[in-house]
Amino acid sequence: MNVSSGARAAPGPDPGVSRPPAALTAVGFVALGLLALPLVGLLQRAPWSALPSVLGESEVLEALRVSLVVSLLATAACVVLGLPLAFVLARRRLRFGRVVRAIVMLPMVLPPVVAGTALLFALGRRGLVGQWLDSWFGVSLPFTTAGAVVAAAFVALPFFVVTVEAALRQAGDDLDEAAATLGAGAWSTLAHVTLPTIRPALAAGTALAWARAVGEFGATLTFAGNFPGRTRTLPLETYLALERNPEAAVAISLVLMAVALAVLITLRDRWMPR
Amino acid sequence: MTVELDGSVVRPGWALRVDRLEIDEGVTAVIGANGTGKTTLGRAVAGLDRLASGRLTIAGSVADDPAAGVFVPASRRRVGMVFQDLRLFGHLRVIDNVAFGLRRAGADRATARRKAGALLEQVGVDSAMWTRRPAALSGGQRQRVAIARALAPDPQVLIVDEPLASVDSSGRAGLRALIGESPARHTLLITHDPVDVATVARRVVVLDGGAVAGRGSVTEVTARPGCEWAATFLGANVVSGLAEGTSVTTATGLVLTVATEATGPVYVTFPAHAVTLHRDRPAGSARNAWQAELARVDVDGERARVHLAGPLAVRADITRRSADELELRPGVTVWASLKATELTVVT
């Protein structure tokens with residue numbers, strides 16, 4: 001390697017010093033294969049020529065509409081609710097911080113079906129809070145589009161909160177202090193200093209939450225059911241299509257996978273670890 | 001108008017206790033070894049640290065009094081701060097960093113930018129830099145921006161924490177003048193540079209171990225520094241002169257030989273213990289030797305601080321025994337000498 005190419009080399013560990021043993025590398029590539037194989041499988045089965053007509057089916061378009069409405073509303077809810085929560089976690093010394101943080105992250109590791117069941121017992125018509133919603137406001141969430149939004153927001157919220165909280169911690173309060181000495185009150189500092197400083201993390205958290213909301217299946221099915229035009233989102237449509245018309249299932253899966261990949265690639269190395 | 005502080009700030013592991021400190025108009029230098037509470041003192045006045053006990057008043061109104069439940073937040077104190085680590089807003093252009101305080105005070109964008117530009121010109125930041133982000137500027141340029149940003153909202157009190165540490169030497173004199181310029185403002189200048197004290201400070205506060213060890217005018221504190229660290233720091237002699245190569249001509253015409261080359265107006269600093277005194281003209285390697293009249297001798301334990309009158313008003317620290325041997329009394333004439341390597345040239 002000559003000097004000029006060395007200066008341009010991508011940053012990272014020196015390959016000569018820390019190259020892992022050959023066997024380790026081999027197993028690593030097997031794992032990569034495991035992750036990449038489903039993608040290849042989909043691409044190989046894709047009905048490329050029939051793609052426009054399959055995706056143009058009215059059931060698919062309807063599910064796409066429901067998916068967009070549900071995922072965008074859920075993402076908005078994540079931002080509105082998640083931002084204050086991220087501030088509380090990053091800037092307040094909480095008495096049971098560990099427990100609180102575990103509760104926040106729970107939906108990330110909980111089986112979505114369990115999440116849906118839990119939502120049903122909390123917000124269902126006979127649920128802990130749901131019975132009051134029903135008798136006081138006449139609102140019933142299960143098996144409605146609003147219910148699908150709640151289910152998607154529930155599983156997507158931690159992605160937003162964790163991303164933004166990490167950025168707030170990293171930013172610290174040095175700039176907030178500087179703003180205060182320049183006459184900026186709490187809200188002014190938030191709007192003019194704190195939020196602009198963590199803007200990349202806000203974008204990343206929003207994108208991750210949206211991607212998770214789009215892909216939500218188990219909690220939606222359990223809590224919101226599977227009603228065409230109301231709660232039947234693209235993932236639900238995919239599952240149904242697998243029985244009825246495998247080609248459609250492959251086509252929708254391709255779309256969802258492309259969306260997920262697009263989000264990750266847009267986030268790039270700026271917000272994701274290299 | 002004064003700033004009055006009488007109270008304590010408690011931090012994990014230690015506390016700063018200040019009894020009846022009054023800060024008047026003009027520049028007050030805050031000196032002391034690392035970890036003695038200089039920054040904490042500034043933060044308490046700014047409202048970034050709360051008092052644990054006692055009271056802080058700024059211009060007659062109570063800013064912090066925990067017993068009375070009063071705490072005026074930093075944003076409403078009109079206390080500006082230049083942080084040691086600068087803390088410029090990375091997402092804002094240089095000019096909008098400086099305009100920030102003016103905007104928060106209600107100025108419209110155009111007015112704020114115009115005033116910010118005028119200030120940036122004063123501190124010597126080229127207008128080509130104004131639309132860049134702070135990260136694109138050199139350390140010295142960033143420091144100037146930080147000073148301009150703190151001055152912009154015209155604070156009643158300005159706290160400057162180690163302001164000139166990373167400014168290139170050519171710009172220091174101008175920034176010093178800027179900090180010392182506004183006599184109505186209360187400026188707390190936290191510093192490690194004897195030249196700051198000699199040139200812009202009217203008064204000095206010495207902190208030692210979280211308490212005020214000395215206070216008063218520069219002359220008073222130099223006579224009674226209150227702790228060993230401050231004695232050494234304030235014992236540093238500061239002489240102004242005109243440099244040409246390794247020669248510096250002082251105002252009284254005495255030429256000092258220094259070890260580093262420079263051109264133009266400079267300060268030469270050297271510690272009091274670097275000055276050697278003799279009854280007769282010294283032979284040997286010291287290039288800088290002059291005859292001086294002895295003004296005063298302060299004896300403090302085993303140390304004697306000798307004050308020399310013209311041609312250079314300098315202080316010399318010698319042992320009490322040497323003072324006795326030399327039979328030093330006010331009015332006698334002695335020879336003083338200095339090694340070139342002991343002299344620091346500050347441009």
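## Strand pairing in chain B

In chain B, B:T269 has B:T344 of β19(B) as its bridge partner. This pairing belongs to a predicted model, in which local features need pLDDT of at least 70, side-chain atom pairs count only at pLDDT 80 or more, and totals for chains, interfaces and linings use all residues. Residues are numbered from 1 along each chain as its sequence is written, while chains are lettered from A and ligands numbered from 1 in the order in which they are written.

Strand β13 (residues 255-270) of chain B pairs with β19(B) in the antiparallel sense over 3 bridges; two strands pair if DSSP finds at least two bridges between them. Helices (H or I, at least four residues) and strands (E, at least two) are DSSP runs, numbered from the N terminus. The open sheet consists of 3 strands in the order β12-β13-β19 (chain B), with antiparallel pairing. β12 (237-250) and β19 (344-346) of chain B are at the edges, each with a single partner strand, so one side of each is left without a neighbour in the sheet. From one strand to the next, the twist averages 45°.

## An exposed loop residue

The loop between α3 (109-123) and α4 (139-151) of chain B contains B:A135. B:A135 is exposed because 8 other C-beta atoms lie within 10 Å (exposed: 12 or fewer; buried: 20 or more; partly exposed: in between, with C-beta atoms placed from the backbone). The C-alpha atoms of B:A135 and B:R93 are separated by 9.6 Å, with the two residues 42 apart along the chain.

## Helix packing in chain A

The axes of helix α7 (residues 112-123) and helix α9 (residues 145-171) of chain A come within 11 Å and cross at roughly 125°. Axes are lines fitted to C-alpha atoms, for helices over the stretch in contact, and angles run from 0 to 180 degrees between N-to-C directions. α7(A) and α9(A) are therefore oblique to each other (under 35 degrees is roughly parallel, over 145 roughly antiparallel, 65 to 115 roughly perpendicular, the rest oblique).

On the α7(A) side, the contact is made by A:P112, A:A115, A:G116, A:L119 and A:L123; α9(A) contributes A:V150, A:A151, A:F154 and A:V155. Residues are in contact if their C-beta atoms, placed from the backbone, lie within 7 Å. These contact residues divide into 8 nonpolar, 1 polar and no charged (Ala, Val, Leu, Ile, Met, Phe, Trp, Tyr, Cys and Pro are nonpolar; Asp, Glu, Lys and Arg charged; the others, Gly among them, polar).

Technical notes
Contact = placed C-beta atoms within 7 Å.
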